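Dear colleague,

Please find the structure for your review placed directly below.

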Amino acid sequence: MSVRIKFLGGVQTVTGSSHLVSTRFSDILIDCGLFYGRRDEFYELNSSFKYNPRELDAVLLSHAHIDHCGNLPNLIKRGLHCKIYTTSATKDLCSLMLADSGKVQEEDVRYLNKINRRLGQRQRMRRPLYTEKEGRHSLRKFRALSYRQRFKVTKDVTCTFYDAAHILGSSIIVLDINSDRNNNMRIGYAVDLGRKGLPLLNEPTIIEGMDYLILESTYGGRVHSPIAEAKNKLKDAINRTIERSGKVIIPSFALERAQEVIYFLNELIKEKQIPPIPIYVDSPLATNITDVFRTHYGYLDNETRMAMKSKKEGPFDFVNLNYIADRNDSKSLNNDKRPMIIIAGSGMCEAGRILHHLKNNITESKNTVLVVGYMAENTLGKKIVERQRYVRIYGVEYELNAEVVVINAFSGHADKNELCEYVKSCLPIKKVFIVHGEKEQSENIAGLLSQSGINTHIPEKYEEAVLT
Ligand SMILES: [Zn+2]
């Protein structure tokens, strides 16, 4: 039996995850993420597919992060006939994430076309890869499944989703391929893979009997601080700010990180480690995503499940926590001078309501900007992390006097030790394909696994591996 995997994206880099598994009878795509890059590259690389979408027999989706699901609406526009299989939680998250992604693209294109018109440049009008509406409508192709529910994808492939413990509904995808009688092959896909001990989530499931494993390596060369450190740093930063009668501004990604921060804040208040000051979640997307967490609480860990089942006051609903929908309510927070915590998007401070909170608060030294997520190069978030003296918001320079606290311990990706431990607990495996990491990170984890006698390979983009 021969099975081929073509590594289409998310190899030796962390965005644009997509891989094509071809067997004797079927072509199955795993993930179809957006590649992030400079604007021209973004539109060019995400617009072309190295296969005919009409000929796919099934698409399997690991989780709702845009770098894994964000190009699905475009794939559908190019004629995808088949179904997209994923967990029920991922399906509901995707309805919000894909609509939001379409909206962001529409806004970006509108802005760009306006500038080009103003400059009198005769460039072709740009179009988004897909609109908000097309993002939402792509859900029609989705079919929802539960963890551990074996289902026949095609004539010769059966698939099962297992908990990857990375974000709500995230899966390790296991394919059992049976093209010839008496000859089975099992391929696992752990991209992305979570960590033990993350708030809200279970542990990654150990998969036995795999012949091949496709493994992420975002932090293949790094070790995270323990998650308990995140809670402690959060507590100290908040208490210091309250003593100065200031506000704590937390830029946060709407999916998972916002809910983790809310969860810890609830714990800190319950344990009386911080006073019950008002907390505002000022992100319509984060508010809607939190609703998906409430609906799909069965995917969460035991402790959270019990808390959400038995009490009216759960981790996402407590007295001093307020979800803000209206834009005017958001703006009026500026007139409220009490100490408070504001969680707002976007995560890297590039757009969204966080901008007006930063503009109104970063010049005063009594306030704190609390960074809980990754900030890419050239973003406003990165400039704040670097504590640059002046930062530009809405085209105006502001002096950065607020305290800046960076908490790195929140990561939802396994670090190098956790990746090694995971692979070792799944042995024997014939070969581990290392993807979803910058080259250095992939090489690091490949080296560590090789030292333990494990066969590894870091594919090039568009490389095709033949598995026997
Ligand atoms: Zn992810």
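The centres of domain 1 and domain 2, taken over C-alpha atoms, are separated by 29 Å. The domain assignment gives domain 1 as 3-222 + 412-467 and domain 2 as 227-406; these bounds come from an automatic or database domain assignment. Please note that this is a predicted model, in which local features need pLDDT of at least 70 and side-chain atom pairs count only at pLDDT 80 or more, while totals for chains, interfaces and linings use all residues. Residues are numbered from 1 along each chain as its sequence is written.

Between the two domains, 18 residues of domain 1 are in contact with 18 residues of domain 2 (contact: C-beta atoms, placed from the backbone, within 7 Å). On the side of domain 1 that touches domain 2, eleven residues are nonpolar, five polar and two charged. Here Ala, Val, Leu, Ile, Met, Phe, Trp, Tyr, Cys and Pro count as nonpolar, Asp, Glu, Lys and Arg as charged, and the others, Gly among them, as polar.

As to overall form, the protein chain has a radius of gyration of 23 Å, which agrees with the value near 23 Å for a compact globule of 468 residues (taken over C-alpha atoms; the globule rule is 2.2 Å times the number of residues to the power 0.38). Of the 468 residues, 47% count as buried. A residue is buried if 20 or more other C-beta atoms lie within 10 Å of its own, exposed if 12 or fewer, and partly exposed in between, with C-beta atoms placed from the backbone. Among contacts between residues at least 6 apart in sequence, 74% join residues at least 24 apart.

The secondary structure comprises 14 helices and 22 strands (DSSP runs numbered from the N terminus: helices are H or I, at least four residues; strands are E, at least two). Seven strands form an open sheet of mixed pairing, in the order 6-5-4-3-2-1-22; two strands pair if DSSP finds at least two bridges between them. Strand 6 (142-145) and strand 22 (464-467) each have a single partner strand, so one side of each is left without a neighbour in the sheet. Within the sheet, strand 3 (residues 27-30) and strand 4 (residues 58-60) run parallel and are joined by three bridges, with Ile28 opposite Ala58. Helix 4 (residues 88-118) lies across strand 5 (84-87) and strand 6, at about 110° to strand 5 (axes are lines fitted to C-alpha atoms, for helices over the stretch in contact, and angles run from 0 to 180 degrees between N-to-C directions).

Most residues other than glycine have a negative phi, and most peptide bonds are trans. A cis peptide bond joins Val191 and Asp192, with omega about 10°; Asp192 is in the loop between strand 10 and strand 11 (212-216). Another cis peptide bond, also with omega about 10°, joins Gly345 and Ser346.

Arg148, which is not a glycine, has a positive phi of about 70°. Its place is the loop between strand 6 and strand 7 (151-154), and Arg148 counts as exposed because it has 11 C-beta neighbours inside 10 Å. Tyr394 likewise has a positive phi, near 50°, and is exposed, with 9 other C-beta atoms within 10 Å.

Yours sincerely
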